[in-house]
Amino acid sequence: MEETTQEKPASKLKQGITGPMLYLFILGDVLGAGIYALVGEVSGQVGGAIWVPLLVALVLALLTAASYAELVTKYPKAGGAAVFAQRAFKVPAISFLAGFAMLAAGVTSAAGLALAFTGDYLSPFLDVPSVPAAIVFLLLVALLNARGISESVRSNVVMTIIELSGLVLVIVLVGLMLGKGEGFAEQVTQFPVGVNPGTAVLAASVIAYYSFVGFEVSANIAEEVRDVRRVYPKAIFGAMLTAGLVYVLIGLAASIALPTEDLAGSSGPLLDVVSATGFGVPDWLFSLVALVAVANGALLTMIMSSRLTYGMSEQGLLPAVFGRVLPNRKTPWVAIIATTAVAMILTTTGGLASLAETVVLLLLFVFLSTNVAVIVLRRDKVEEKHFKAPIVVPYLAIASCLLLLTQQDGTVWLRAGALMAVGLLLFGARFLAKGKNLGAKGRRGAGKSKESSTENTRER
């Protein structure tokens, strides 16, 4: 039998985010750090055909974005994969693991961005070893986080403009270069010699997929969006398609500007592309734009991770110690220390591409949960009109997640498995602690009953 759910109309949160602001918020989350750092890694897999896995990754990401559009507009107060999982499956362990996978992905992403920050983009200013510099960078981010950083939608718009301006500059400069008859336009359809194109595209799509993640964060602000059921689908699909267009153009520009052997593996690929155009843009200027994009991504990611840790503690899903806050700053200092420490450790476990693949692996399990939840919750009807994806879309989204999971190597599975094992241990510890508390309450209750019984006997 179909259930009918009626959402409460009232909200404690101010609905101050308009459709255009939401579009820019999602675009800012998707654009930037990934594409600035990973073009070279993608080229290492597919040669000059960088745009192909970027286009494939866009299509695959849009399938899951459709599931988020349906659930967010259906339950605009739900806010996130963990709550969607709780609604659909009603199993606390699944809801916990969905939330913890998001947390683990955030910390791993911050580790990868720290390595990206300390690569070739930093070299015009400071030439230092990558891993130690990444650890120092994460420490500085933690200090800023502990100070109490409030990121408004307006500041996000400013950062999005900076990030987007750098990408547009790359596209324009390479376009001018091509107009002069220079570059390597023939490379855009060339794959490495001896490599199966299909296999190479699938492997590169895992890395390219990292450039599109971030859209899922918008589920957390759904309650603060005006007319969310109408504007959310337009904002999420519009932002994803905009990012996809920019990324495909960046892929084409990168393969035109440089020989693939020079591009592959570079930790500052777009800086190399700008230099190759020969238009005299100072290395330090473009590096500064790239550093702003990467640093902002790392900072926002660590803020999200520490607040998610704090929130899960407040809900009793993680130990209470993670809920401690600084008296004056009112920031979750234990959560900040814990997430920063894990990110620092992760910088020593692999390179940027490997960490990006780990983020994708963790998020794929979150996306699988959300896509299955869409199907399960189809029987739960709400009175309000909302976006509904074609019935085949969530099934295709599930298939896309499973396909990408098959492309991960053993090291990535091991890293992700270790992170989720920590989550299982924390969940088990919470379960045992809860059981002990209930047992203690039961014994106290039994003791009180016994005392009461004795008093009654004496009275009689």
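Tutor: In this predicted model, Glu384 and Arg229 meet through their side chains in a salt bridge, at 3.9 Å from N to O. Glu384 sits in the loop between strand E2 (380-382) and helix H15 (392-405), while Arg229 belongs to helix H9 (residues 228-257), so the pair ties together parts that are 155 residues apart in sequence. Glu384 has a relative accessible area of 25% and is therefore partly exposed. Arg229 is also partly exposed, with a relative accessible area of 21%. The cut-off for buried is under 20%, so Arg229 at 21% does not count as buried. Side chains of opposite charge can pair when their charged atoms come close.

Arg230 takes part in a salt bridge too, with Asp227 as its partner and 2.5 Å between the closest N and O atoms. Arg230 is partly exposed at 48% relative accessibility, and Asp227 is partly exposed at 43%. Asp227 is placed in the loop between helix H8 (197-210) and H9. The backbone of Asp227 has a phi near 50°, which is positive although the residue is not glycine. Most residues other than glycine have a negative phi.

A positive phi is also found at Lys90, a residue other than glycine, where the value is near 55°. Lys90 lies in the loop between helix H4 (81-89) and helix H5 (92-117). With a relative accessible area of 59%, Lys90 is exposed, whereas Asp227 at 43% is partly exposed.

The count of salt bridges comes to four. One of them joins the side chains of Lys180 and Glu182, with 3.9 Å from N to O. Lys180 is partly exposed, its relative accessible area being 49%. Glu182 is partly exposed as well, at 35%.

Val201 is buried, with a relative accessible area of 11%. Leaving out residues up to four places away in sequence, Val201 touches Val46, Val52, Pro53, Val56 and Phe191. For Pro53, the separation from Val201 is 148 residues in sequence, yet the two C-alpha atoms are 5.3 Å apart in space.

Another buried residue is Thr277, with a relative accessible area of 2%. Thr277 is part of helix H11 (residues 269-277). Apart from neighbours within four places in sequence, its contacts are Leu173, Val174 and Met177.

Two helix pairs complete the picture. Helix H3 (residues 51-74) packs with helix H14 (residues 352-376) at an angle of about 55°, and their axes are 9 Å apart. H3 and H14 are therefore oblique to each other, and their crossing is left-handed. On the H3 side the contact is made by Leu63, Thr64, Ser67, Tyr68, Glu70 and Leu71, and on the H14 side by Val366, Phe367, Thr370, Asn371, Ala373 and Val374. Sorted by class, these residues comprise seven nonpolar, four polar and one charged.

Helix H12 (residues 283-314) and helix H13 (residues 333-346) pack at an angle of about 125°, with 8 Å between their axes. H12 and H13 are therefore also oblique to each other. The crossing of H12 and H13 is right-handed. H12 contributes Met302, Ser305, Ser306, Arg307, Thr309 and Tyr310 to the contact, and H13 contributes Ala335, Ile336, Thr339, Thr340 and Ala343. The contact of H12 with H13 divides into five nonpolar, five polar and one charged residues.

Key:
Residues are numbered from 1 along each chain as its sequence is written. This is a predicted model: local features need pLDDT of at least 70, side-chain atom pairs count only at pLDDT 80 or more; totals for chains, interfaces and linings use all residues. Side-chain values use heavy atoms; hydrogens and water are left out. Axes are lines fitted to C-alpha atoms, for helices over the stretch in contact, and angles run from 0 to 180 degrees between N-to-C directions. Helices (H or I, at least four residues) and strands (E, at least two) are DSSP runs, numbered from the N terminus. Angles under 35 degrees count as roughly parallel, over 145 as roughly antiparallel, 65 to 115 as roughly perpendicular and the rest as oblique. A crossing is left-handed if the near helix is turned anticlockwise from the far one by less than a right angle, and right-handed if clockwise. Contact means heavy atoms within 4.5 Å. Ala, Val, Leu, Ile, Met, Phe, Trp, Tyr, Cys and Pro count as nonpolar, Asp, Glu, Lys and Arg as charged, and the others, Gly among them, as polar. Buried means under 20% relative accessible area, exposed over 50%, partly exposed in between (1.4 Å probe, protein chains only).
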